[in-house]
Amino acid sequence: MIDLTISIVNTNNRDMLDACLASIRSNTRRISYETIVVDNACTDGSADMVAEKYPWAQLICNSGRLGFSANHNQALRLMRGRYCIILNEDTALHPECLDLMVEYMDAHQDIGALGPLIHNSDGSLQQSVFRIPTISVLVSHALFLGAVMPNIPYFGGYRKWPHNAIADVPFLSGACIMFPSELMRAVGYMDDGFFIYCEDPDICKRVREAGRRVVFFPHAQITHFGGGTFTHGGGTNVNHFLISTHRFFRKHYGRTAELAAAALLFSGAATRTAAFGAAAHLAPASKREYFAARRDLFRRVVIWYRNNGIPRSKV
């Protein structure tokens with residue numbers, strides 16, 4: 001049996017996909033694997049590049065655009081490996097990354113999801129461990145408790161967490177997560193209802209509810225070139241993020257929790273819009289652009305709620 005099925009979704013990211021596939025080939029040495037690339041209706045010649053340069057990769061070509069989970073599920077439903085991994089196309093594996101992950105999973109059969117250490121393109125640490133979204137997390141955010149106590153994960157999340165030791169964690173970055181294939185089938189694969197955002201806390205929460213561990217494993221490492229899409233994105237990203245967040249709260253906690261989440265998200269965004277707006281005027285010139293960008297990000301959240309109210313999310 002094959003050790004690992006690698007699922008990669010690509011949306012018009014030809015050059016990054018090329019580098020990702022090359023890194024798999026050059027840095028995977030001890031395990032057997034299959035690679036399935038889902039071409040998400042690309043228009044940049046990605047499919048032709050894969051067929052020409054990487055004939056060992058299986059290619060699925062979409063006629064129209066699908067979301068993150070639906071795309072990966074196309075590959076996962078074909079998997080033949082004992083384990084499967086969802087891997088972003090804008091990543092590059094470090095030496096023996098997949099070998100080490102498979103070997104660690106083999107030695108620890110109670111693990112249901114395993115994530116590596118992730119670097120930014122400049123070599124700095126990229127946060128890859130996060131808190132599961134809950135009402136208490138949103139309260140902490142709305143009251144700026146994370147800013148007051150950033151080093152305490154309960155309040156500040158994992159931004160300041162050193163990411164330097166193997167640990168059980170709430171959820172892992174969806175840029176790279178490995179699962180036992182039998183568990184992925186048992187929990188019903190990724191949730192197609194999340195187009196983008198919240199699919200990673202959702203699958204990790206379901207893994208934990210199935211009685212398996214979610215583990216951060218820093219001995220395996222990758223570089224992720226495209227982190228922070230929500231922070232740097234525009235209105236489309238805000239729209240997807242809020243729709244997915246509403247769906248997550250409704251799915252896992254019910255309608256009352258979804259309504260409470262909406263109130264906390266709106267109030268937190270409104271407060272930050274005002275605070276960053278004031279900072280953009282009062283801060284030293286070198287900091288004003290940063291504060292203005294943060295003000296504009298949270299203003300888009302406020303505008304979204306003013307335009308949409310509190311939607312009744314579908315689960």
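In this predicted model, helix 5 and helix 12 cross with left-handed geometry. Helix 5 spans residues 135–142. Its axis lies 9 Å from that of helix 12, at an angle of about 15°. Helix 5 is therefore roughly parallel to helix 12, since the angle falls under 35 degrees. On the helix 5 side, the contact is made by Ile135, Leu138, Val139, His141 and Ala142. Helix 12 contributes Ala257, Ala260, Ala261, Leu264, Leu265, Ser267, Gly268 and Arg272.

Helix 12 also packs against helix 13. Helix 12 covers residues 255–282, and helix 13 covers residues 285–308. Their axes come within 8 Å and cross at roughly 150°. The cut-off for a roughly antiparallel pair is over 145 degrees, so helix 12 and helix 13 are roughly antiparallel to each other. This crossing, too, is left-handed. The residues of helix 12 in this contact are Ala262, Leu265, Phe266, Ala269, Ala270, Arg272, Thr273, Phe276, Gly277, Ala279, Ala280 and His281. Helix 13 supplies Arg288, Phe291, Ala292, Arg294, Arg295, Phe298, Arg299, Val301, Val302 and Tyr305. Leu265 and Arg272 of helix 12 take part in the contact with helix 5 and also in the contact with helix 13.

A search of the whole structure finds 15 aromatic pairs. One of them joins Tyr54 and Trp56, with ring centres 5.7 Å apart. Their planes stand at 85°, so the pair is edge-to-face. Tyr54 is buried, with a relative accessible area of 8%. Trp56, at 27% relative accessibility, counts as partly exposed. Tyr158 and Trp161 form another pair, with ring centres 5.4 Å apart. Here the planes are at 85°, so this pair is edge-to-face as well. Both Tyr158 and Trp161 are buried. Elsewhere, ring pairs link Phe276, Tyr290, Phe291 and Phe298 into a cluster. Among these residues, Phe276 belongs to the helix 12 side of the contact with helix 13, while Phe291 and Phe298 belong to the helix 13 side.

Three loop residues complete the description. Asn13 is placed in the loop between strand 1 (4–10) and helix 1 (14–27). Its relative accessibility is 23%, so Asn13 counts as partly exposed. Not counting residues up to four places away in sequence, Asn13 touches Asp44, Ser46, Glu89 and Asp90. Ser46 lies 33 residues from Asn13 along the chain, yet their C-alpha atoms are separated by 7.3 Å.

The other two residues, Ala41 and Glu96, have positive phi values. For Ala41, phi is about 55°, although the residue is not a glycine. Ala41 is found in the loop between strand 2 (33–39) and helix 2 (46–53). With a relative accessible area of 18%, Ala41 is buried. For Glu96, phi is near 65°, again in a residue other than glycine. Glu96 sits in the loop between strand 5 (91–93) and helix 4 (97–107). At 26% relative accessibility, Glu96 counts as partly exposed.

Key: Residues are numbered from 1 along each chain as its sequence is written. This is a predicted model: local features need pLDDT of at least 70, side-chain atom pairs count only at pLDDT 80 or more; totals for chains, interfaces and linings use all residues. Side-chain values use heavy atoms; hydrogens and water are left out. Rings of Phe, Tyr and Trp (its six-membered ring) pair if their centres lie within 6.5 Å; planes under 30 degrees apart count as stacked, over 60 as edge-to-face and the rest as tilted. Buried means under 20% relative accessible area, exposed over 50%, partly exposed in between (1.4 Å probe, protein chains only). Axes are lines fitted to C-alpha atoms, for helices over the stretch in contact, and angles run from 0 to 180 degrees between N-to-C directions. Helices (H or I, at least four residues) and strands (E, at least two) are DSSP runs, numbered from the N terminus. Angles under 35 degrees count as roughly parallel, over 145 as roughly antiparallel, 65 to 115 as roughly perpendicular and the rest as oblique. A crossing is left-handed if the near helix is turned anticlockwise from the far one by less than a right angle, and right-handed if clockwise. Contact means heavy atoms within 4.5 Å.
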